[in-house]
Amino acid sequence: MEHENLEAKVPTSLQLIAIRVTVDNVKLKRISNENLSCLPSRLKQSVLEKLQISGFYNVTLSQVLALLNPYMTCIDLSNFEATDADLLKLIPFSKRLQSFAVNHCHGSPTVSGMCSFLSRCSVLRSASLTNFEESIDDVLAIIGNTLKNLQILDISGCKSFSICGIASISTLEMIEAMNLSRTCLDDQMTDKMITNSVGRSIKEFRCDDCANLTLLSIEALYYLPNLEFISFRRCSRVKAGEIRQPNRQLRNIAYSIGI
């Protein structure tokens, strides 16, 4: 009760300092509930919601999960070598999860593990699933069929997907930002996306280092009705002299020509 009274009196600036100190402690010491128990409950919840699960903290996922509350809405595993078993431990948080990030590393997590987890994340708004080497068509099918509220999708570095996978996500009506850099994206796949719902809603599109894209796709992307930003750096089949500015002003057009 004493903590609850203190909570209302702590200025926002001091709360932010307390958050920083607590997170610093997590990096230096064995993580345990004592690290956070001295804080008011609302401040403790803020720390937990902002804490990114990262290998930098040198802790296990189980140790972090022991501190997380069931109302977590954001989990970032991009610096953590997550396995399918780790994803199973996150299922209790899946129904409320709005933002999730994972990086494929040393064969984990698998595509089947990702499909099983994402199928439970019906309110997800941001998904970052990077550097998968095997085909992610099944993952894209789950995303297209289940994540109807998705606004941000990052599959950069994923080496294998087909036009069938792209067709699965092309019907997402809420999507605003996509990152398909360093993927096998080609003209046919791009056309499939932009002639469906994605083409009407997308505001930011990144396709850097996509060796299969040609100027045909880039120019088609220019004229999407809500597009504000496009980046196609180092797309080797797009030549400098061929690039023409669109009739309308975009917020930013970033490109770099590969040699």
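Biologist: How many helices and strands does the protein chain have?

Modeller: First, this is a predicted model, where local features need pLDDT of at least 70, side-chain atom pairs count only at pLDDT 80 or more, and totals for chains, interfaces and linings use all residues. Residues are numbered from 1 along each chain as its sequence is written, and side-chain values use heavy atoms, with hydrogens and water left out. Helices (H or I, at least four residues) and strands (E, at least two) are DSSP runs, numbered from the N terminus. For the protein chain, that gives 12 helices and eight strands.

Biologist: What percentage of the residues in the protein chain is buried?

Modeller: Buried means under 20% relative accessible area, exposed means over 50%, and partly exposed is in between (1.4 Å probe, protein chains only). The protein chain has 259 residues, and the buried share is 47%.

Biologist: Which residues touch the most other members of the largest nonpolar core?

Modeller: A nonpolar core is a set of buried Ala, Val, Leu, Ile, Met, Phe, Trp, Tyr and Cys residues joined through side-chain atoms within 4.5 Å. In soluble globular proteins, nonpolar side chains tend to be buried together. Here the largest core has 59 residues, and the ones touching the most other members are Phe 100, Ile 143, Met 178 and Phe 205.

Biologist: Which helix gives the largest share of this core?

Modeller: Several elements each supply at least two residues, including strand E2 (99–103), helix H7 (111–118), strand E3 (126–130) and helix H8 (137–146). The largest share is five residues, and it comes from H7.

Biologist: Is H7 largely enclosed or open?

Modeller: Its buried residues are Val 111, Gly 113, Met 114, Cys 115, Phe 117 and Leu 118. Helix H6 (84–89), E2, E3 and H8 are among what covers them. Six of the eight residues of H7 are buried, so the helix is largely enclosed.

Biologist: Which way do the residues of E3 point?

Modeller: In a regular strand the side chains alternate between the two faces of the sheet. In E3, Ser 126, Ser 128 and Thr 130 point one way, while the other way, also buried, point Ala 127 and Leu 129.

Biologist: Which strands are joined to E3 by bridges?

Modeller: Two strands pair if DSSP finds at least two bridges between them. E2 runs parallel to E3 with five bridges, and Ser 99 stands opposite Ser 126. Ser 126 also stands opposite Ile 152, and three bridges join E3 to a parallel strand covering residues 152–154. The names you want are E2 and E4.

Methods. Contact = heavy atoms within 4.5 Å.
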